[in-house]
Structures are given as structure tokens and as C-alpha cells.
Amino acid sequence: MPIILSRTNLTAAYKRVVGNKGSAGIDGMKVSELMTHLHENWTVIRDQLANGTYQPQAVKGKEISKASGGVRLLGIPTVMDRLIQQSIHQVLNEIWDYSFSKFSYGFRPFRRAHHALKQAQVYLNDGYQDVIDLDLKSFFDRVNHNKLVSLLERRIGDKVLLKLIQKYLKSGIMLGGLVQKRQSGTPQGSPITPPTQKATLSFL
């Protein structure tokens with residue numbers, strides 16, 4: 001948590017959140033209002049994050065159409081929670097990214113779709129002929145929270161951080177004015193999960 005709450009890390013997270021813009025969460029706060037909110041409330045919020053008493057707000061549910069048909073449920077966190085999640089993401093990415101396969105391209109720094117296409121061309125030139133397109137149906141909706149946290153515990157010893165991540169995993173989702181509890185799955189649409197319109201690969 002000290003690294004996550006460092007000025008350098010938070011400044012980078014703030015710039016990313018503001019740059020991404022995005023819709024307001026259930027509290028109605030706009031990205032343009034975040035700096036004022038931080039000036040007025042950051043001391044209290046920082047202390048709550050440090051001692052483990054911070055309580056994330058529910059995410060705002062929004063259904064978006066899928067190219068394959070049907071809809072996908074998107075969860076829009078409040079701007080404040082997006083800032084905190086982005087701060088977490090930046091630190092966890094430094095811990096995990098080095099251990100990923102060099103042939104993994106989804107949601108990784110300095111890696112894009114054209115890098116994957118370039119590698120595919122290498123395979124074709126080497127004589128490979130088959131391409132497998134695999135999609136795990138409703139993957140994010142079925143992520144087991146206990147399993148995910150147990151994987152995090154292998155490299156993270158900070159109990160306050162682990163507790164905060166669990167709170168984000170279980171954050172309710174507001175639909176039709178009512179908040180529904182979440183027992184499994186990850187809230188798509190937040191900085192600690194990948195964009196919903198791309199491949200299925202979380203920060204783990």
C-alpha cells in the first residue's frame with residue numbers, strides 16, 4: 001500500500017484516469033471534478049486506504065451489445081475508485097508482467113495486436129498451417145474470488161491491499177436503481193480488468 005499510495009504512483013494514475021475520460025459512476029462525479037474532490041477529501045481517503053477501512057462504492061451497470069449477439073454487462077466504477085484501481089493496477093503490473101510468456105500480447109505494456117500478427121506471420125513462414133481461435137464463454141463472469149485471491153497471495157504479503165482487492169471484487173452493481181451483490185466474477189470496465197471489447201486476459 002505505501003507504494004500504491006506514493007505521490008509518483010498516484011500522479012501517474014491520475015493522469016491515466018483523466019486521459020481516459022469515461023462516464024460518471026453512481027455518485028455522478030465527472031472526471032473533471034476529481035481534482036477538487038481530492039483537494040477536499042484526500043487526507044481522509046488516504047488514511048482509510050492505509051488502515052484498511054476504505055469502502056469502495058458499487059459500480060454502475062450498463063449493458064452493451066456484443067458483436068456475436070446478446071449483451072455484456074459493463075460495470076462503471078466511480079471516478080475516485082477508478083483512480084484507486086489504476087494505482088493498484090500499475091503496481092501489480094510491475095510484479096506480474098515479467099513472468100508472462102513472451103508470446104502473450106493481450107493487455108501488456110508496449111504490446112499491441114500488430115505484434116501478435118507479426119508473430120503469427122513468423123509461424124506461417126516456419127510452415128505452421130493451423131490457427132485456433134478460442135474464446136472462453138463468460139470467463140470474467142465466472143472468476144472464482146477465492147482462487148484469484150489465493151494467486152495474489154503468492155506474491156503479495158500486504159493484507160490491507162489483499163482486503164481492498166477483495167472489496168473491489170465483491171463491489172455490488174447497480175441496475176435499475178437497485179444494488180446487486182457479486183459473489184463471483186470480476187467487474188468488467190474498471191482499470192483492474194481489461195477492456196470488454198478485447199481478448200480475455202486479466203492482469204493475472
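**Close-up views of helix packing and strand pairing**

**View A. Helices H2 and H3 are oblique to each other.** The model shown in this and the following views is predicted. The axes of H2 (residues 34–51) and H3 (residues 79–96) come within 11 Å and cross at roughly 55°. The crossing of H2 past H3 is right-handed. On the H2 side, the contact is made by Leu34, His37, Leu38, Trp42, Ile45 and Leu49. H3 contributes Val79, Met80, Leu83 and Ile84. Divided by class, the contact of H2 with H3 has nine nonpolar residues, one polar residue and no charged residues.

**View B. Helix H1 packs against helix H3 at an angle of about 125°.** The axes of H1 (residues 7–20) and H3 are 8 Å apart. H1 passes H3 in a right-handed crossing. From H1, the residues in contact are Asn9, Leu10, Ala12, Ala13, Tyr14, Arg16 and Val17. They meet Val79, Arg82, Leu83, Gln86, Ser87, Gln90 and Val91 of H3. Eight residues of the contact of H1 with H3 are nonpolar, four are polar and two are charged.

**View C. The contact between helices H1 and H2 is made by nonpolar residues.** The two axes come within 12 Å and cross at roughly 145°. Leu10, Tyr14 and Val17 represent H1 in this contact, and the three residues also take part in the contact with H3. Their partners in H2 are Leu34, Met35, Leu38 and Trp42; among these, Leu34, Leu38 and Trp42 also belong to the contact of H2 with H3. By class, the contact of H1 with H2 has seven nonpolar residues, with no polar and no charged ones.

**View D. Strands S1 and S2 form a hairpin.** S1 (residues 59–65) and S2 (residues 71–76) run antiparallel and are joined by six bridges. Ile64 has Arg72 of S2 as its bridge partner. Five residues lie between the two strands. In the turn, Gly69 has a positive phi of about 105°.

**View E. Four strands form an open sheet in the order S2-S1-S3-S4.** The pairing within this sheet is mixed. S1 runs antiparallel to S2, whereas S1 and S3 (residues 173–175) run parallel and are joined by two bridges. Val59 stands opposite Ile173 in S3. The edge strands are S2 and S4 (178–180), each pairing on one side only. From one strand to the next, the twist averages 45°.

**View F. Helix H4 comprises residues 113–125.** At 1.5 Å a residue, the 13 residues of H4 should span 18 Å. The end C-alpha atoms of H4 are 19 Å apart, which agrees with that expectation. Gly127 follows H4 and has a positive phi, near 105°.

Definitions and conventions:
Residues are numbered from 1 along each chain as its sequence is written. This is a predicted model: local features need pLDDT of at least 70, side-chain atom pairs count only at pLDDT 80 or more; totals for chains, interfaces and linings use all residues. Side-chain values use heavy atoms; hydrogens and water are left out. Axes are lines fitted to C-alpha atoms, for helices over the stretch in contact, and angles run from 0 to 180 degrees between N-to-C directions. A crossing is left-handed if the near helix is turned anticlockwise from the far one by less than a right angle, and right-handed if clockwise. Contact means heavy atoms within 4.5 Å. Ala, Val, Leu, Ile, Met, Phe, Trp, Tyr, Cys and Pro count as nonpolar, Asp, Glu, Lys and Arg as charged, and the others, Gly among them, as polar. Two strands pair if DSSP finds at least two bridges between them. The expected span of a helix is 1.5 Å times one less than its number of residues. Angles under 35 degrees count as roughly parallel, over 145 as roughly antiparallel, 65 to 115 as roughly perpendicular and the rest as oblique.
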